Amino acid sequence: MSWNIENPEAERLAAEIGALTGESKTAVIISALRERHERLLVKSRQTEDAAMVDDLLALAAGIRSRVGGKALSTDFLYGPETGPR
């Protein structure tokens, strides 16, 4: 498969980076695409992680409201002799 990028800025940037690194224009473009891809994946993971934290905090708040403000401890959750209540 062949690409034909007809953009003067893209051509200039690829040529300048290639001159600085000794890479071909193709290698420069592949490297740039890989770097951007990785940044986007990291950003996506961070967004997913933040959403998971929000979900966990909401769950904790719901549990807290259901136990009527009691401190959660193993004594509250489990009976010493009987195990889970």
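The side chains of Glu-11 and Lys-25 meet in a salt bridge, with 2.1 Å from N to O. (A salt bridge is a side-chain nitrogen of Lys or Arg within 4 Å of a carboxyl oxygen of Asp or Glu.) This pair links distant parts of the chain, with Glu-11 in helix α1 and Lys-25 in helix α2 (residues 25-66), 14 residues apart. The structure is a predicted model, in which local features need pLDDT of at least 70 and side-chain atom pairs count only at pLDDT 80 or more, while totals for chains, interfaces and linings use all residues. Residues are numbered from 1 along each chain as its sequence is written, and side-chain values use heavy atoms, with hydrogens and water left out.

A search of the whole structure finds two salt bridges. Glu-16 forms a salt bridge with Arg-12, and the closest N and O atoms are 3.2 Å apart. Glu-16 and Arg-12 are separated by about one helical turn because they are four residues apart in helix α1. An α-helix has 3.6 residues a turn, so residues three or four places apart point the same way.

Buried means under 20% relative accessible area, exposed over 50%, and partly exposed in between (1.4 Å probe, protein chains only).

| Residue | Relative accessible area | Class |
|---|---|---|
| Glu-11 | 38% | partly exposed |
| Lys-25 | 38% | partly exposed |
| Glu-16 | 41% | partly exposed |
| Arg-12 | 41% | partly exposed |
| Ile-17 | 38% | partly exposed |
| Trp-3 | 58% | exposed |
| Asn-4 | 62% | exposed |

The protein has three helices and two strands, and along the sequence these follow the pattern α-α-α-β-β. Helices (H or I, at least four residues) and strands (E, at least two) are DSSP runs, numbered from the N terminus.

Helix α1 covers residues 8-21, and its 14 residues should span 20 Å at 1.5 Å a residue, which agrees with the 20 Å between its end C-alpha atoms. The expected span of a helix is 1.5 Å times one less than its number of residues. At the start of α1, a side-chain oxygen of Asn-7 reaches to within 2.9 Å of the backbone nitrogen of Glu-9. Just after α1, Gly-22 takes a positive phi of about 80°.

Helix α2 has 42 residues and reaches 62 Å from its first C-alpha to its last, close to the 62 Å expected at 1.5 Å a residue. Ile-17 is found in helix α1. From C-alpha to C-alpha, Ile-17 and Val-28 are 6.8 Å apart in space, although they are 11 residues apart in sequence.

The side chain of Asn-4 makes a polar contact with the side chain of Glu-6, at 2.9 Å. A polar contact is a pair of N or O atoms within 3.5 Å; within protein, one must be able to donate a hydrogen and the other to accept it, and residues adjacent in sequence count only if both atoms are side-chain atoms.

Trp-3 also belongs to a nonpolar surface patch of about 620 Å², made together with Met-1, Ile-5, Ile-29 and Leu-33. Patches are made of residues with over 30% relative accessible area and no salt bridge; like charges are joined within 9 Å, and nonpolar side chains (Val, Leu, Ile, Met, Phe, Trp, Tyr) within 5 Å.

Of the 85 residues in the protein, buried residues make up 6%. The accessible surface of the protein comes to about 7,600 Å², of which 59% belongs to carbon and sulfur atoms.

The mean pLDDT (the predictor's confidence in each residue, from 0 to 100) of the protein is 85, and 80% of its residues reach 70 or more. Confidence is highest in α1, at a mean of 96, and lowest in helix α3 (residues 74-77), at 58. Where pLDDT is low, the predicted coordinates should not be read in detail.

How values were computed. Accessible areas come from the Shrake-Rupley method with a 1.4 Å probe; for residues, only the protein chains shown count as cover.
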